[in-house]
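Let us walk through this structure from the overall fold to the ligand shell. Keep the backbone and the ligand in view as you read.

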Amino acid sequence: MPRFAANLSLMFGEWSFLDRFAAAADAGFPAVEFLFPYDHAPEAIADRLARNGLELALFNLPPGDWAAGERGLAALPDRFDDLKAGIERAIPYAEATGARRLHLMAGLADRGAAEARAAYRRAVLHAAEMLDARGIELLIEPINRRSMPGYFLDDFAFAEDLIRDLAQPNLRLQFDIYHRQILHGDVTMALRRLLPLIGHVQVASVPSRHEPDGEELNHPFLFDELDRMGYTGFVGCEYVPRAGTLAGLGWLRRSDLSHLVVPAKAGTL
Ligand SMILES: O=C(O)C(=O)[C@@H](O)CO
Ligand SMILES: [Mg+2]
């Protein structure tokens, strides 16, 4: 089975953010990911990871003013200086935590507009170069527009073309199975074909974005398929639990968890 990373922005919401690390480790996860760590000092995050024996699989570069509706700056021509400042802000977190993958959000912009495409290309190239010097991968992720209306990067072929075209050694695809299925379908064949470009995988049920335990996709098949194709990275569990994080972990227990230690907590799983 793949190595699963709990997404602490969506899962374990029953705990305060810093306490989610222990909760995820207690539930058997070897790794975590989250959207944004920036409300906490890098050392505080690093301490929670170390204390709980967790690896940090991934986090996002600063997205601009999230509360005001921004969803990344990369495709916004006038925000290049803010984007550069955001990279500088994120690097100490990666260094303190040992994270080796950062996701750059594109922002809300018209992909048909030449200025937005040029801004995005410049931002991705700049971020990749900045991070490569530090041994960090830069990830870009197509996101479906039902979840994020107006999002610039809503097409896997566009992301693939850009990654191939820029040919940066550390520029990789964040393959979110949930978004892939909504945008284009054909998940298995896309995973197989894009494997050499993939730096991180995420998963949730489709269409409800809950536990990966059914609905439109056959998740056990997909997890086995990731093994068969030799994917050795993490699978981020980027879903909103239906009715409590621990109560919803049955899908994990039904998987082959020989690589995880899942404590048998009566009444919790
Ligand atoms: O929404 C997703 O899917 C993500 O992976 C986030 O990083 C962006 O909100
Ligand atoms: Mg995702």
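The UniProt annotation "domain: Xylose isomerase-like TIM barrel", from an unreviewed entry, covers residues 21–254. UniProt positions follow the numbering used here, feature names are shortened, and annotations may be inferred rather than shown by experiment. The model is predicted: local features need pLDDT of at least 70, side-chain atom pairs count only at pLDDT 80 or more, and totals for chains, interfaces and linings use all residues. Residues are numbered from 1 along each chain as its sequence is written, while chains are lettered from A and ligands numbered from 1 in the order in which they are written.

Over residues 21–254, the chain is 40% helix and 14% strand. Helices (H or I, at least four residues) and strands (E, at least two) are DSSP runs, numbered from the N terminus. The end C-alpha atoms of this stretch lie 23 Å apart.

Now the barrel. Eight strands form a closed barrel in the order E1-E2-E3-E4-E5-E6-E7-E8, with parallel pairing. Two strands pair if DSSP finds at least two bridges between them. Neighbouring strands of this sheet are turned by 30° against each other on average, direction ignored. Here axes are lines fitted to C-alpha atoms, for helices over the stretch in contact, and angles run from 0 to 180 degrees between N-to-C directions. Strands of a sheet pair through backbone hydrogen bonds, either parallel or antiparallel. Take one pair: E5 (residues 137–140) and E6 (residues 171–176) run parallel and are joined by three bridges. Leu-139 stands opposite Arg-172 in E6.

Which residues surround ligand 1? They are Leu-35, Asn-60, His-103, Met-105, Glu-141, Ile-143, Asp-176, His-179, Gln-202 and Glu-238. A residue is near a molecule or strand if its C-beta atom, placed from the backbone, lies within 6 Å of it. The shell divides into three nonpolar, four polar and three charged residues. Ala, Val, Leu, Ile, Met, Phe, Trp, Tyr, Cys and Pro count as nonpolar, Asp, Glu, Lys and Arg as charged, and the others, Gly among them, as polar.

Finally, the backbone geometry. Most residues other than glycine have a negative phi, and most peptide bonds are trans. The bond from Val-206 to Pro-207 is cis, with omega near 10°. Pro-207 lies in the loop between E7 (198–203) and H8 (219–228). Glu-215 lies in the loop between E7 and H8, and its phi is positive, near 60°. Asp-186, in the loop between H6 (177–183) and H7 (187–194), has a positive phi near 50°.
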